[in-house]
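Subject: Structure for you to look at

Hello,

Here is the structure I promised to send over. Please open it, and keep it in view while you read my notes below.

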Amino acid sequence: MKILLCGDINSGKSTLIEKLVADMGEKARGYITVRMPEGSDGKSYVYLYNIANPPENIEDAQVIMSISDAIVERHPEYMDSLAAEYLRDIPEGSLVVMDEIGTLESAAPVFQREVMRILSGNYRVFASVKAQNTEFLRAVRRHPDCELYIITPENRNDLYVQLRAEYNI
């Protein structure tokens, strides 16, 4: 079972992954990214953390991107270091979460190799994948060992029921 969810922002990708992982009742490995609403400084921050060892406060996680009206500051080096590290040394057969795989990763070749290794290996995977058109994202979405599902606000509840039934979750 390697499930890729592709959809727009706020379509429910992360929420669906959270629900399915909770339903499975086992410890997941991998990483989570979280975008927080704009703060008093006029910026929105995207944080990265290890799903197996989440921080008590999101502000204790690593900032991988800051977004304001004027500028987007990206840190792909954290995908190559931290996110890639979170995907290493995972025992075969483990449940792996990659939330999310996006455009920042186009500048992170070490991370890309780890993602493709996980997708090709003996793992159970839930991943959210951006719909943008980069070479890496196309390769992920077309991976022959994965099932790609398009999620929308309209179909997300039905998709939850469908995936639980299809994969005996």
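Start with two helices. The axes of helix 1 and helix 5 (residues 156-166) come within 11 Å and cross at roughly 35°. Two packed helices are described by the angle between their axes and the distance between the axes. Axes here are lines fitted to C-alpha atoms, for helices over the stretch in contact, and angles run from 0 to 180 degrees between N-to-C directions. Helices (H or I, at least four residues) and strands (E, at least two) are DSSP runs, numbered from the N terminus.

The crossing of helix 1 and helix 5 is right-handed. That term applies if the near helix is turned clockwise from the far one by less than a right angle, and left-handed is used if the turn is anticlockwise. Which residues make the contact? Helix 1 gives Leu-16, Lys-19, Leu-20 and Asp-23, and helix 5 gives Leu-159, Tyr-160, Leu-163 and Arg-164. Contact means heavy atoms within 4.5 Å. By type, the residues of this contact are five nonpolar, no polar and three charged. Ala, Val, Leu, Ile, Met, Phe, Trp, Tyr, Cys and Pro count as nonpolar, Asp, Glu, Lys and Arg as charged, and the others, Gly among them, as polar.

A word on the source. This is a predicted model, in which local features need pLDDT of at least 70 and side-chain atom pairs count only at pLDDT 80 or more, while totals for chains, interfaces and linings use all residues. Residues are numbered from 1 along each chain as its sequence is written, and side-chain values use heavy atoms, with hydrogens and water left out.

Now the core. The largest nonpolar core has 29 residues. Such a core is a set of buried Ala, Val, Leu, Ile, Met, Phe, Trp, Tyr and Cys residues joined through side-chain atoms within 4.5 Å. Buried means under 20% relative accessible area, exposed over 50%, and partly exposed in between (1.4 Å probe, protein chains only). Tyr-31, Met-79, Leu-87, Met-98, Ile-101, Phe-111 and Val-115 touch the most other members. Several elements each supply at least two residues of this core, among them strand 3 (44-50), helix 2 (77-87), strand 6 (95-101) and helix 3 (109-120). A second, separate core has 21 residues, including Ile-32, Ile-58, Ala-61 and Phe-126.

Look at Tyr-31 itself. Leaving out residues up to four places away in sequence, Tyr-31 touches Leu-48, Met-79, Leu-87, Met-98 and Phe-111, among others.

Next, the salt bridges. How many are there in the whole structure? The search finds five. A salt bridge is a side-chain nitrogen of Lys or Arg within 4 Å of a carboxyl oxygen of Asp or Glu.

One of them joins Arg-124 and Glu-26, with the closest N and O atoms 2.5 Å apart. This pair links distant parts of the chain, 98 residues apart. Arg-124 sits in strand 7, and Glu-26 in the loop between helix 1 (13-24) and strand 2 (28-35). Arg-124 is partly exposed, at 23% relative accessible area. Glu-26 is partly exposed too, at 32%.

Another joins Arg-88 and Glu-114, with the closest N and O atoms 3.6 Å apart. Arg-88 lies in the loop between helix 2 and strand 6 and Glu-114 in helix 3, so the pair ties together parts 26 residues apart in sequence. Arg-88 is partly exposed at 33%, whereas Glu-114 is buried at 12%.

Glu-114 also meets Arg-117 in a salt bridge (2.8 Å, N to O). Both lie in helix 3, three residues apart, about one turn of the helix.

Is Glu-105 buried or exposed? Glu-105 is buried, with a relative accessible area of 4%. Glu-105 lies in the loop between strand 6 and helix 3. Its contacts include Met-79, Phe-111 and Phe-136, not counting residues up to four places away in sequence.

Ser-94, in the loop between helix 2 and strand 6, is buried at 13%.

Asn-168 is found in the segment after helix 5. Asn-168 is exposed, at 73%.

Best wishes
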